[in-house]
Amino acid sequence: MTGRISTRFTEAFGVEHPIIQGGMQWVGRAELTAAVANAGALGFLTALTQPTPDDLLREIERCRSMTDRPFGVNLTILPAINPPPYAEYRQAIIEGGVKIVETAGYKPQEHVDEFKAHGIKVIHKCTAVRHALSAERMGVDAISIDGFECAGHPGEDDIPGLILIPAAADKVKIPMIASGGFGDARGLVAALALGADGINMGTRFCATVEAPIHRAFKEALVAGDERATNLIFRTYRNTARVAKNAISDRVIAIEAEGKPFEEVAALVKGAKGREGLESGDTDHGIWTAGMVQGIIRDVPTVRELVERIVGEAVEIIGGRLARAVAREEERI
């Protein structure tokens with residue numbers, strides 16, 4: 001690989017490449033996060049993957065033993081009847097000496113303030129321009145804007161990245177990461193052209209050697225195409241994009257009958273999804289996956305993936321696009 005891509009994001013966060021591995025429940029563990037960091041990108045442990053704040057502190061220490069490069073922790077705040085002890089997880093992040101946090105979800109102001117008070121940089125993930133501007137006012141250091149193509153929760157506006165990213169870039173002043181549907185060099189170049197300072201990849205990093213999930217899921221991502229996802233929980237106003245399988249098909253059928261969430265709760269338990277990721281049964285529960293499956297062709301190491309994306313992006317920018325501009329200038 002020759003050449004590098006430097007952006008406001010790489011400069012502000014001290015990483016080599018403008019690529020993030022965002023927080024992913026059950027997947028954002030030390031093996032993957034350290035591999036991403038060692039490849040020069042920015043990886044995130046997922047706080048709530050760990051059963052307790054003490055377990056998170058140990059996972060931070062384990063990750064640090066595997067890399068000497070920057071990495072972060074994701075803390076997702078969701079409304080719940082019995083919410084996790086967010087303040088304790090936050091304290092574990094601070095005690096662990098982590099310097100970068102990705103926040104997501106519901107009203108993160110309290111957490112943003114506390115992280116900033118301890119000199120921690122915060123990237124907030126959001127799904128709408130108005131939410132990005134709100135996060136900017138909260139004082140975060142960067143935002144990650146999640147288009148409709150993304151895995152997980154795309155929000156309820158259904159705005160794809162081709163519109164959402166430049167719409168946000170027109171208004172957001174701090175560094176911005178494009179998220180949702182990114183998996184190769186073409187996506188990185190497109191994101192930069194649309195006004196972003198880097199890309200966030202989740203599903204693509206699941207299809208790597210180091211991702212701590214069963215090989216069957218990685219093979220399913222390679223086999224799947226851009227149609228291999230389902231949007232569930234639409235009728236509950238909590239839309240989630242997950243892999244199309246027997247369970248998510250059933251959830252959609254139950255929703256179509258107008259039944260309440262209680263009718264699907266047992267099917268969508270997080271524990272069932274985790275059991276599947278470990279056993280290799282892709283129909284055991286729901287599991288998160290994005291439309292980017294349509295461009296996933298292999299299961300490389302993290303380093304191979306990052307170097308391929310950056311190397312090919314440099315070639316696209318300095319080669320094909322530069323030649324196109326040169327030809328136009330010659331014609332004039």
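Residues are numbered from 1 along each chain as its sequence is written, and side-chain values use heavy atoms, without hydrogens or water. Because the model is predicted, local features need pLDDT of at least 70 and side-chain atom pairs count only at pLDDT 80 or more, while totals for chains, interfaces and linings use all residues.

Helices and strands are DSSP runs, numbered from the N terminus (helices H or I, at least four residues; strands E, at least two). Burial follows relative accessible area: buried is under 20%, exposed is over 50%, and partly exposed lies in between (1.4 Å probe, protein chains only).

Aromatic contacts were examined by ring geometry. A pair of aromatic rings is described by the distance of the centres and the angle of the planes. Rings of Phe, Tyr and Trp (its six-membered ring) pair if their centres lie within 6.5 Å; planes under 30 degrees apart count as stacked, over 60 as edge-to-face, and the rest as tilted. By this rule the count is five aromatic pairs. One of them joins Phe233 and Phe261: the ring centres are 5.7 Å apart and the planes stand at 70°, so the pair is edge-to-face. This pair links distant parts of the chain, 28 residues apart. Phe233 lies in the loop between strand 9 (229-232) and strand 10 (240-243). Phe261 lies in the loop between helix 11 (246-256) and helix 12 (270-279). Phe233 is buried, at 9% relative accessible area. Phe261 is partly exposed, at 36%. Together with Tyr236, Phe233 and Phe261 form one aromatic cluster.

Charges also sit over rings. The criterion places NZ of Lys or CZ of Arg within 6 Å of the ring centre and within 35 degrees of the ring normal. The charged end of Lys121 sits over the ring of Phe13, 5.9 Å from its centre. The charged end of Arg241 sits over the ring of Phe148, at 4.8 Å from the centre.

Side chains of opposite charge can pair when their charged atoms come close. A salt bridge is a side-chain nitrogen of Lys or Arg within 4 Å of a carboxyl oxygen of Asp or Glu. The structure holds 21 salt bridges. One of them pairs Glu16 with Arg69, with the closest N and O atoms 3.3 Å apart. Glu16 lies in the loop between helix 1 (8-13) and strand 1 (19-21), and Arg69 in the loop between helix 3 (53-64) and strand 3 (72-77), so this bridge ties together parts that are 53 residues apart in sequence. Glu16 is partly exposed at 28% relative accessibility. Arg69 is also partly exposed, at 34%.

Arg215 is partly exposed at 45%, and Glu219 is partly exposed at 44%. Glu315 and Arg323 form another bridge, with the closest N and O atoms 4.0 Å apart. Glu315 is partly exposed at 45% relative accessibility. Arg323 is partly exposed, with a value of 45%. Elsewhere, salt bridges that share partners join Glu31, Glu59 and Arg62 into one network.

Helix 3 was checked for length. The expected span of a helix is 1.5 Å times one less than its number of residues. The twelve residues of helix 3 should therefore span 16 Å, and the end C-alpha atoms are 17 Å apart, which agrees. Buried residues in helix 3 are Pro53, Leu56, Leu57, Glu59, Ile60 and Cys63. They cover an arc of only 160° around the axis, so they lie on the same side of helix 3. The arc is taken from the directions from the helix axis to the C-beta atoms. Contact means heavy atoms within 4.5 Å. The buried residues of helix 3 pack against helix 2 (30-38), strand 2 (42-46), strand 3 and helix 4 (86-95).

Helix 2 is mostly covered, with seven of its nine residues buried. These are Ala30, Leu32, Thr33, Ala34, Ala35, Val36 and Ala37. Gly40 follows helix 2 and has a positive phi, near 95°.

Asp146 lies in strand 6 (residues 142-146). Asp146 is buried, at 4% relative accessibility. Its C-alpha atom is separated by 4.7 Å from that of Thr127, 19 residues away along the chain. Leaving aside neighbours within four places in sequence, Asp146 is in contact with Lys125, Cys126, Thr127, His153, Leu164, Ser179 and Gly180.
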